[in-house]
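User: I would like to learn how to read some features of a structure. Please take them one at a time.

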Amino acid sequence: MSLLVHTFVYDADGGYDFLEDPEHGRDLAGFESTRTRLWGSEAIRALGARFFPRLDGDDLYVEQDEIDDFLAECEAVRPHLDHLAGQGGYDPGYVARRFDNIVAAALRAKAEAGGIVVW
C-alpha cells in the first residue's frame, strides 16, 4: 500500500472537499512502512518534529490554522532527509521526492486556505 497526501478545502458545512490530485504521482507520500520507519521514527522525533510523528499509528491531518507551523517543521526537517533516509533504510532520492510532494500539498493548502491529509 502507498501513503498518499491530499490537499483539502472546507465546504460550506465545514467538511472536507479534496482538490484535484497533481499529475504524475505527486500525491505519493511513501510506502505504508514509512509511517513508522521514516515519518514516525525516533530519528524524526529527535529533530523536534511534532506533526510527522502522528503518522505512527494514525493519519496526519494538518488543519488550515496549522499549515504555517507544519511548513516551518518541514523546513527544519529538510536538511536531515538523507540521515532520515539512512536510518529508515530508504533511498535518499525516494525520501526527498515524497517529502517534496508533502510540502507541495501544504503550500497548495496555504494558497487555498485549506489543509492536508497524509493517509
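User: Where is the place of Ala 113?

Analyst: This is a predicted model, in which local features need pLDDT of at least 70 and side-chain atom pairs count only at pLDDT 80 or more, while totals for chains, interfaces and linings use all residues. Residues are numbered from 1 along each chain as its sequence is written, and side-chain values use heavy atoms, with hydrogens and water left out. Helices (H or I, at least four residues) and strands (E, at least two) are DSSP runs, numbered from the N terminus. Ala 113 sits in the loop between α5 and β5. Its phi is near 60 degrees, a positive value in a residue other than glycine.

User: How is Ala 113 classed by relative accessibility?

Analyst: Buried means under 20% relative accessible area, exposed over 50%, and partly exposed in between (1.4 Å probe, protein chains only). At 39%, Ala 113 counts as partly exposed. Asp 13, in the loop between β1 and β2, counts as exposed at 76%.

User: Is Asp 27 buried or exposed, and what does Asp 27 touch?

Analyst: Asp 27 lies in the loop between β2 (16–18) and β3 (28–31). Its relative accessible area is 12%, so Asp 27 is buried. Contact means heavy atoms within 4.5 Å. Not counting residues up to four places away in sequence, Asp 27 touches Leu 3, Leu 4, Val 5, His 6, Asp 21, Pro 22 and Asn 101.

User: Which residues have the most contacts inside the largest nonpolar core?

Analyst: A nonpolar core is a set of buried Ala, Val, Leu, Ile, Met, Phe, Trp, Tyr and Cys residues joined through side-chain atoms within 4.5 Å. The largest one here has 32 residues, and Trp 39, Phe 70 and Ile 116 have the most contacts inside it. Elements giving two or more residues to this core include β1 (2–10), α1 (34–39), α3 (67–77) and α5 (92–112). α5 supplies the largest share, 8 residues. Leaving aside neighbours within four places in sequence, the contacts of Trp 39 include Leu 3, Ile 44, Phe 52, Val 95, Phe 99 and Ile 102.

User: Which residues of α3 are buried, and where do they fall around the axis?

Analyst: The arc used here is that of the directions from the helix axis to the C-beta atoms. In α3, the buried residues are Ile 67, Phe 70, Leu 71, Glu 73, Cys 74 and Val 77. They fall within an arc of 155 degrees, so they line one face of the helix. Their cover includes α2, β4, α4, α5 and β5.

User: Which residues of α4 are buried, and which are exposed?

Analyst: Leu 81, Leu 84, Ala 85 and Gly 88 are buried in α4. Their arc is only 100 degrees, which puts them on the same side of α4. On the other side, Asp 82, Gly 86 and Gln 87 are exposed. The buried residues pack against α1, α2, α3 and α5. Gly 89 follows α4 and has a positive phi, near 80 degrees.

User: At what angle do α4 and α5 pack?

Analyst: Two packed helices are described by the angle between their axes and the distance between the axes. Axes are lines fitted to C-alpha atoms, for helices over the stretch in contact, and angles run from 0 to 180 degrees between N-to-C directions. α4 and α5 pack at about 120 degrees, with axes 9 Å apart. They are therefore oblique to each other (under 35 degrees counts as roughly parallel, over 145 as roughly antiparallel, 65 to 115 as roughly perpendicular and the rest as oblique). Leu 81, Asp 82 and Ala 85 in α4 meet Pro 92, Val 95, Ala 96 and Phe 99 in α5.
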